[in-house]
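Keep the picture open as you read, and look for each spot as it comes up.

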Amino acid sequence: MKFSERYGYKKIRELVQIDSIDEPLRNALWSLLKIHVWDHVYYTSGVYGGYYLSNESNRDLHVLCERMWFNYFKKPLDQLDSKWTKVLEQLRTYFFQCEWYEVYDFIEFVANNYKRNTFRDAFIQSCNKVLEKEVSAYRFLDGLISRITEQDQLEEIELALAKTRGPVQMHLRRALELLSNRDEPDYRNSIKESISAVEGLVAKTVGAEKGTLGQLIKKLEDEIDLHPALRTAFSSLYGYTNDEGGIRHAILESKTIGFEDAKFFLVVCSAFVNYVEAKVATAS
C-alpha cells in the first residue's frame, strides 16, 4: 500500500472505487474481455483470409456485435464492419474513453449477450475476482453489476479515522490497510484490527488498562448509558471472533474469510467508535 493510502492522504472513497474506475481496474477488465471473448475469434483461410465476423465459426461473436450495435450503441447495423480487426479497434477505443459507469454497462452487456458455451459463468467469476482485488464497490450478482458498498458506510470509516487518535486510530487504519491492499489483502487480520479498535476505545472510555471487550462493555453500559441491545450486539460480535469457530482461533486458520466479512466489521466497528465518541462528548 502506498504512503498516501497508509497515512490517510487518500480518501476512503478513492481506496474503495465507488464512483470511479482507476487505470489498473479498467485494464484488468479489458484483459478479461480479451481472454474470454476477443481471443476466441477464428481465422478465415484462403486468398482473402483474415478474421471476419461472417465466418460461421464466429457466429456467437457476430451475434454479440450485432446486439451491441443495435441495442447498446444504437447504431445502424450496416455500420458494423465484417472485418473483426476494425470492430475490435472501435470497441477498444470506446472502452478506454468511456465513463467509469459505462465500463460496467459494457461488461454487463457482454456477460448477458455472448452465448459461447461455458463463457458466462467463467467470465463473471473472473470479473468478480478482479473487482475484489482492485477494491471496487461493485460485483456481478445474478448476472447484473450491483453495488455492495454504500456511501454512508465509507463515511462512517472516514469519520472514525478523522475523530480518533492514538491506538484506536492506528487499529482502524491498519484494518483499512489490510482490507484494501490490492496485492495481498488480509481479511482475517483486518477483522482483528477492527475489533481491537473497539477494545481500545472501550478500555479508554471506562479507564481500564486491561480486560476483554466482553468484560469492559458491561462497564461502558453504565458509563455512557449504553442501550442493553447495543451491548448485547457487540458482545455477540466479539464472541464470534473468539469462540471455536471464530477468526482468532488458530486451529481454524483455514476458515474462509472474504472481503464482505472484513468490510462489515470495519464499518460496524467504525460506527460503534463514532457512537461512543459522540455519547462521551455529550456526557462531558
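## A hairpin and its turn

Which residue takes a positive phi in the hairpin of S3 and S4? That residue is aspartate 142, with a phi near 55°. Please keep in mind that you are looking at a predicted model.

The hairpin has 2 residues between its strands. Strand S3 covers residues 138-141 and strand S4 covers residues 144-147, and the two run antiparallel, joined by 4 bridges.

## Other residues with positive phi

Most residues other than glycine have a negative phi. With that in mind, look at threonine 118, which is not a glycine but has a positive phi of about 70°. Threonine 118 sits in the loop between H6 and helix H7 (119-133). Its relative accessibility is 59%, and because exposed means over 50%, threonine 118 counts as exposed.

Valine 135 also has a positive phi, near 55°, and is a residue other than glycine. You will find valine 135 in the loop between H7 and S3. Is valine 135 buried or exposed? Its relative accessible area is 1%, so valine 135 is buried, since the cut-off for buried is under 20%.

## Helix H10 and serine 194

Next, find helix H10, which spans residues 187-206. How far apart are the end C-alpha atoms of H10? They are 29 Å apart, which agrees with the 28 Å that its 20 residues should span at 1.5 Å a residue. Of those 20 residues, 16 are buried, so H10 is largely enclosed by the rest of the structure. After H10 comes glycine 207, with a positive phi near 70°.

Serine 194 belongs to H10 and counts as buried because its relative accessibility is 0%. What does serine 194 contact, leaving aside its neighbours within four places in sequence? Its partners are Ala175, Phe265, Leu266 and Cys269. The chain also brings serine 194 and alanine 262 to a C-alpha separation of 8.5 Å, although they are 68 residues apart along the chain.

## Helices H5 and H6

Now turn to helix H5 (residues 84-97) and helix H6 (residues 100-113), whose axes are 8 Å apart and meet at an angle of about 140°. That angle makes H5 oblique to H6, because only angles over 145 degrees count as roughly antiparallel.

On the H5 side, the contact is made by Leu91, Tyr94 and Phe95, while H6 contributes Glu102, Val103, Phe106 and Ile107. Sorted by class, the contact of H5 with H6 has 6 nonpolar residues, no polar ones and 1 charged residue.

## Lysine 83

Our last stop is lysine 83, in the loop between helix H4 (59-72) and H5. Lysine 83 counts as partly exposed because its relative accessibility is 37%.

Which residues does lysine 83 contact, once its neighbours within four places in sequence are left aside? They are Tyr51 and Tyr52. Lysine 83 and leucine 53 are 30 residues apart along the chain, and their C-alpha atoms are separated by 6.4 Å.

Note on methods: Residues are numbered from 1 along each chain as its sequence is written. This is a predicted model: local features need pLDDT of at least 70, side-chain atom pairs count only at pLDDT 80 or more; totals for chains, interfaces and linings use all residues. Side-chain values use heavy atoms; hydrogens and water are left out. Buried means under 20% relative accessible area, exposed over 50%, partly exposed in between (1.4 Å probe, protein chains only). Contact means heavy atoms within 4.5 Å. Axes are lines fitted to C-alpha atoms, for helices over the stretch in contact, and angles run from 0 to 180 degrees between N-to-C directions. Angles under 35 degrees count as roughly parallel, over 145 as roughly antiparallel, 65 to 115 as roughly perpendicular and the rest as oblique. Ala, Val, Leu, Ile, Met, Phe, Trp, Tyr, Cys and Pro count as nonpolar, Asp, Glu, Lys and Arg as charged, and the others, Gly among them, as polar. Two strands pair if DSSP finds at least two bridges between them. The expected span of a helix is 1.5 Å times one less than its number of residues.
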